[in-house]
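Let's take a friendly walk through a protein model, one piece at a time. Have the sequence and the 3D view ready.

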Amino acid sequence: MARAVVGIMSFAVLLGAVLGSAAIKSGALVAAVLLITVAGISLVTNSGAERRELEMQRELLSRYTNQLDKTRAGYRILEWKETVVIGDGGDAHTKLAIRLRPLGPDLLFVRMKFRCDWPQPARYRRKVKIAVRNTHPDGTPGTTLHTSQSWPKDGVVAVVIHFHEAPPENADISFRVELDWPKRYRPLVEGSPDVFGLMFAQPVANAVYRVVLPRGHDVYLEPIGRLDEGFELEPGWDDDDRRTVTLTLTDPPPRHRAGARLELKKGQRIAPND
């Protein structure tokens with residue numbers, strides 16, 4: 001369509017040059033502009049319909065894989081190591097390393113959800129970036145794994161990670177997830193309490209979740225969903241002198257959310273030796 005429009009415009013200019021008629025030039029160019037406008041509307045309409053169709057397919061895939069997860073435990077998580085680094089404006093960069101063991105011969109996907117605890121508008125969705133990569137037994141990176149994303153509601157993204165092939169039963173597999181989420185923790189940096197936690201549908205041996213706060217800030221914290229055993233919540237410092245809060249879980253019960261509620265201390269800029 002675009003080539004046809006360009007052709008019409010070129011022909012109009014050529015014809016006007018040969019015949020010396022400004023009217024021919026103007027008329028043909030107006031027609032070409034109208035064609036561009038119609039083509040643009042058509043492309044936007046089709047693109048919008050295709051996006052809605054794609055989003056619906058993603059939602060269905062997420063729903064069905066979620067139902068499979070509820071029906072049976074397809075794997076056991078041996079190690080979950082997650083670090084979330086929060087910027088001054090509430091942007092968050094997450095690095096997550098997972099080692100798991102299939103409980104059957106047909107594990108083809110893993111489904112997980114990430115959330116922010118405020119009703120983030122839908123316009124933020126296109127800015128959220130997720131990348132997943134296999135990890136070899138020696139710790140070196142492997143190939144990229146395909147993902148499917150859907151948004152069950154504002155502020156919650158469901159990610160289905162597709163394996164290239166079903167791994168052998170009882171053979172450990174590892175992969176890494178990197179997630180960039182703009183303004184994920186905006187309420188926290190603006191002075192409101194925010195919730196950080198983990199909840200698993202599958203059995204988990206050990207999980208470590210570390211939050212790195214914006215530089216120079218101290219924090220109030222209190223546990224949520226605390227377990228009698230296998231729960232540790234510890235403040236600390238990272239190598240760049242930023243306050244950290246680390247949650248460690250050992251054999252948490254399925255679908256039990258545990259974590260911490262954090263609130264930055266207003267007007268307090270600190271250093272590690274304070």
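## A strand, a sheet and a core

Thr-135 lies in strand E4, residues 129–135; strands (E, at least two residues) are DSSP runs numbered from the N terminus. This is a predicted model, in which local features need pLDDT of at least 70, side-chain atom pairs count only at pLDDT 80 or more, and totals for chains, interfaces and linings use all residues. Residues are numbered from 1 along each chain as its sequence is written, and side-chain values use heavy atoms, with hydrogens and water left out.

Is Thr-135 buried or exposed? Thr-135 is buried, because its relative accessible area is 15%, and buried means under 20% (1.4 Å probe, protein chains only). Not counting residues up to four places away in sequence, Thr-135 touches Thr-140, Gly-142, Ser-174, Phe-175 and Arg-176; contact means heavy atoms within 4.5 Å.

Now for a sheet. Three strands form an open sheet in the order E3-E7-E6, with antiparallel pairing; two strands pair if DSSP finds at least two bridges between them.

| Strand | Residues | Place in the sheet |

E3 is joined by 7 bridges to strand E7, residues 156–162. Lys-113 has Ala-158 as its bridge partner in E7.

Finally, the largest nonpolar core has 50 residues. Such a core is a set of buried Ala, Val, Leu, Ile, Met, Phe, Trp, Tyr and Cys residues joined through side-chain atoms within 4.5 Å. Those with the most contacts inside this core are Trp-80, Met-112, Phe-114, Phe-175 and Leu-262.

Terms used:
Helices (H or I, at least four residues) and strands (E, at least two) are DSSP runs, numbered from the N terminus.
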